[in-house]
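The following exercises concern a single model. Each sets a task and then works through a solution step by step.

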Amino acid sequence: MTIKKTIAALSVAALFLAQSALACDYPERVKDLPDGNSATRDDMVAGKKAVQSYIANMESYLSCIEAAEVQAQLSLVDADEDAQRQRKATFDKKYNAAVEAMNLVAEEFNIQLRAFNAKKK
């Protein structure tokens with residue numbers, strides 16, 4: 001094994017150690033959003049609170065993975081450009097998927113909220 005590959009392998013090992021030190025727990029998705037067509041006001045308020053809590057937890061998760069990524073990048077300083085590019089691409093996908101999940105839950109709740117508000121008219 002060449003020295004370059006050995007350094008890359010050690011960098012990847014350090015990366016996994018850094019990630020385990022900063023264990024970022026992916027929040028559980030809101031399971032039961034209220035059905036706006038049949039929900040009571042209390043159901044909708046509880047749903048709103050659940051969505052707000054989920055979004056706050058997701059924002060904490062995003063902050064955590066950002067911090068873990070900074071740590072990982074510090075351990076990859078000596079890695080080749082390809083390894084660094086792959087690491088960034090993986091992080092970007094993970095981050096964007098979490099943002100999309102957060103937006104999806106918010107949009108699903110907003111659809112139910114519009115249905116709830118429409119039945120009051």
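**Exercise 1. Determine whether Glu 69 is buried or exposed, and identify the partner of its side chain.**

Solution. Step 1: the relative accessible area of Glu 69 in this predicted model is 4%. Step 2: residues under 20% count as buried, so Glu 69 is buried. Step 3: Glu 69 belongs to helix α2. Step 4: its side chain makes a polar contact, at 2.7 Å, with the side chain of Arg 87. Step 5: Arg 87 is itself among the buried residues of α3. The contact between Glu 69 and Arg 87 therefore joins two buried residues, Glu 69 and Arg 87.

**Exercise 2. Describe how α2 and α3 pack, and state which kinds of residue form their contact.**

Solution. Step 1: two packed helices are described by the angle between their axes and the distance between the axes. Step 2: for α2 (residues 41-75) and α3 (residues 81-119), the angle is about 170 degrees and the axes lie 11 Å apart. Step 3: an angle over 145 degrees counts as roughly antiparallel, so α2 is roughly antiparallel to α3. Step 4: the residues of this contact comprise 20 nonpolar, two polar and seven charged.

**Exercise 3. Compare the span of each of these two helices with the span expected at 1.5 Å a residue.**

Solution. Step 1: α2 has 35 residues, and its first and last C-alpha atoms are 51 Å apart, close to the expected 51 Å. Step 2: α3 has 39 residues, which should span 57 Å. Step 3: the end C-alpha atoms of α3 are 57 Å apart, in agreement with that expectation.

**Exercise 4. List the buried residues of α2 and of α3.**

Solution. Step 1: in α2, the buried residues are Met 44, Gly 47, Val 51, Tyr 54, Met 58, Tyr 61, Leu 62, Ile 65, Ala 68, Glu 69 and Ala 72. Step 2: in α3, they are Arg 87, Phe 91, Ala 98, Ala 101, Met 102, Val 105, Phe 109, Gln 112, Ala 115 and Phe 116. Step 3: for reading such lists, recall that an α-helix has 3.6 residues a turn, so residues three or four places apart point the same way. Step 4: over the whole protein of 121 residues, buried residues make up 26%.

**Exercise 5. State the overall make-up of the protein and where confidence is lowest.**

Solution. Step 1: the protein has three helices and zero strands, in the order α-α-α from the N terminus. Step 2: the average pLDDT is 86, and 82% of the residues score at least 70. Step 4: where pLDDT is low, the predicted coordinates should not be read in detail.

Terms used: Residues numbered from 1 in each chain as written. Predicted model: local features only at pLDDT ≥ 70, side-chain atom pairs only at ≥ 80, totals over all residues. Heavy atoms only, no water. Axes fitted to C-alpha atoms, helices over the stretch in contact; angles between N-to-C directions. Helix = DSSP H or I, 4+ residues; strand = E, 2+ residues; numbered from the N terminus. Parallel < 35°, antiparallel > 145°, perpendicular 65-115°, else oblique. Nonpolar A, V, L, I, M, F, W, Y, C, P; charged D, E, K, R; others polar. Expected span 1.5 Å × (residues − 1). Buried < 20%, exposed > 50% of the residue type's maximum accessible area, 1.4 Å probe, protein only. pLDDT = per-residue confidence, 0-100. Polar contact = N/O pair within 3.5 Å; in protein donor to acceptor, adjacent residues only side chain to side chain.
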